[in-house]
Amino acid sequence: MDGTARDLRRESSGPPERGGIVIGIHGLANKPPADEKTRWWKAAIAEGMARNAGLADPAFRFEFVYWADLRYDAPLSEDGNREPYRPEAGTGPLPEGESAPSLTANDVLAPVYAGIDTLEEATGVTLVDDAILEYRFDDLWHYHAEQDFARQVRARLAERLRAFRDHRILLVAHSMGAVIAYDVLRLLEREEPGLRIDHLVTAAAPLGLAKVKLKFEAEHGALRVPDNVSAWTNLADGEDVVAIMGELGADYVASATGIALTDRRVANAYRRPDGEPNHHKSYGYLRTPEFSRIAAAYALPGSDPGAAAESGTTAKVEA
């Protein structure tokens, strides 16, 4: 194992003797069947580790929290799915966040929304966010409005975290999954203070919306990094409308143990089969170099660096 791989392994903040595991939770909208969605998340993470971290045959334990069945009668069919996982074309590392445009539509709109956000937080009247959530983020609106739905979703994630409490957990939460993850972690602080998350990664997170922040404050108190995480990294693509507020560090202060949120700008290069980009898509976030550097620390022994970037070796994943 060379120095690069050793450095990647050190990105984990937990003790080395505890086995690592990656736990994912998906975001908004209906999804393909659970087993298919699970395989695709695994494949996207493994592709990124192989191309960006130089792990020729990465293996890692993976668990997926699927909740779309609580909102939709049937999963997306193959014909109805416009955004399947497909390996990114070419070889070698994928683009870093520094390669993304320095000025995006979100950069222009964010100051406008920031003014609205400040007014909504000050008054508690969230008409703009209510419209956004109801008509653009329907699932999140129902999550806030329907207590039974919220309880069921939270229970699925909490159960999985409890089951692997003796592992170094990398929890990766995409889109609305980041809202669910934050709620669950703040609840587990009180209910099971001994349970810890080695690294929380939020991607495409709508945690900067005033409505979301007000809901958090009403249930959990002041916005901050949960006390049961050893690291929190937030990934946002500048073209991703769900992450319009971009950096979250100013909103979520350090935990009682001094852990601060780290914001990372990324370049989500996902494209639909027809070539249209989707800067919000989970697979694109999961194979960014910024995420791969974190995930590589959870690879099982034997996932040694090799010629993956050049050869396109297919990575191995263990559930």
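Trainee: Which residues of α8 are buried?
Mentor: Bearing in mind that this is a predicted model, the buried residues of α8 are A210, K211, V212, K213, F216 and H220.

Trainee: And what follows α8?
Mentor: The helix is followed by G221, a residue whose phi is positive, near 95°.

Trainee: Let's turn to the rings. How many aromatic pairs are there?
Mentor: The count comes to 12 aromatic pairs. One of them is formed by Y182 and F216, whose rings are 4.3 Å apart centre to centre with 40° between the planes, which makes the pair tilted.

Trainee: Where do Y182 and F216 lie?
Mentor: Y182 lies in helix α7, which covers residues 176-191, while F216 belongs to helix α8, residues 210-220, so the pair ties together parts that are 34 residues apart in sequence.

Trainee: Are those two buried or exposed?
Mentor: Y182 is buried, with a relative accessible area of 2%, and F216 is buried as well, with a relative accessible area of 1%. The cut-off behind that word is a relative accessible area under 20%.

Trainee: What does Y182 form with W232?
Mentor: Y182 and W232 form an aromatic pair that is tilted, with 6.0 Å centre to centre and 40° between the planes. This pair links distant parts of the chain, since Y182 sits in helix α7 and W232 in strand β5, residues 232-237, and the two are 50 residues apart. W232 counts as buried, at 2% relative accessibility.

Trainee: Which residues form an aromatic cluster?
Mentor: W40, Y85, Y270 and Y283 form one aromatic cluster.

Trainee: And what lies over the face of Y72?
Mentor: That is R71, which lies over the face of Y72 at 5.5 Å from the ring centre.

Trainee: Changing topic to helix packing, at what angle do α5 and α6 cross?
Mentor: The axes of helix α5, residues 138-145, and helix α6, residues 147-163, cross at roughly 105° and come within 6 Å. Angles of 65 to 115 degrees count as roughly perpendicular, and that makes α5 roughly perpendicular to α6.

Trainee: Which residues make that contact?
Mentor: On the α5 side the contact is made by D139, H142, Y143 and A145, and on the α6 side by Q147, F149, A150 and R154. By type, the residues of this contact of α5 with α6 divide into four nonpolar, two polar and two charged.

Trainee: How do α5 and α7 pack?
Mentor: α5 and α7 pack at an angle of about 25°, with their axes 10 Å apart, and that makes α5 roughly parallel to α7. The residues in contact are D139, L140, Y143 and H144 of α5, together with M176, V179, I180 and D183 of α7.

Trainee: What do the residues of that contact divide into?
Mentor: For the contact of α5 with α7, they divide into five nonpolar, one polar and two charged.

Terms used: Residues numbered from 1 in each chain as written. Predicted model: local features only at pLDDT ≥ 70, side-chain atom pairs only at ≥ 80, totals over all residues. Heavy atoms only, no water. Axes fitted to C-alpha atoms, helices over the stretch in contact; angles between N-to-C directions. Helix = DSSP H or I, 4+ residues; strand = E, 2+ residues; numbered from the N terminus. Parallel < 35°, antiparallel > 145°, perpendicular 65-115°, else oblique. Contact = heavy atoms within 4.5 Å. Nonpolar A, V, L, I, M, F, W, Y, C, P; charged D, E, K, R; others polar. Phe/Tyr/Trp six-rings, centres within 6.5 Å; stacked < 30°, edge-to-face > 60°. Buried < 20%, exposed > 50% of the residue type's maximum accessible area, 1.4 Å probe, protein only. Lys NZ or Arg CZ within 6 Å of the ring centre and 35° of its normal.
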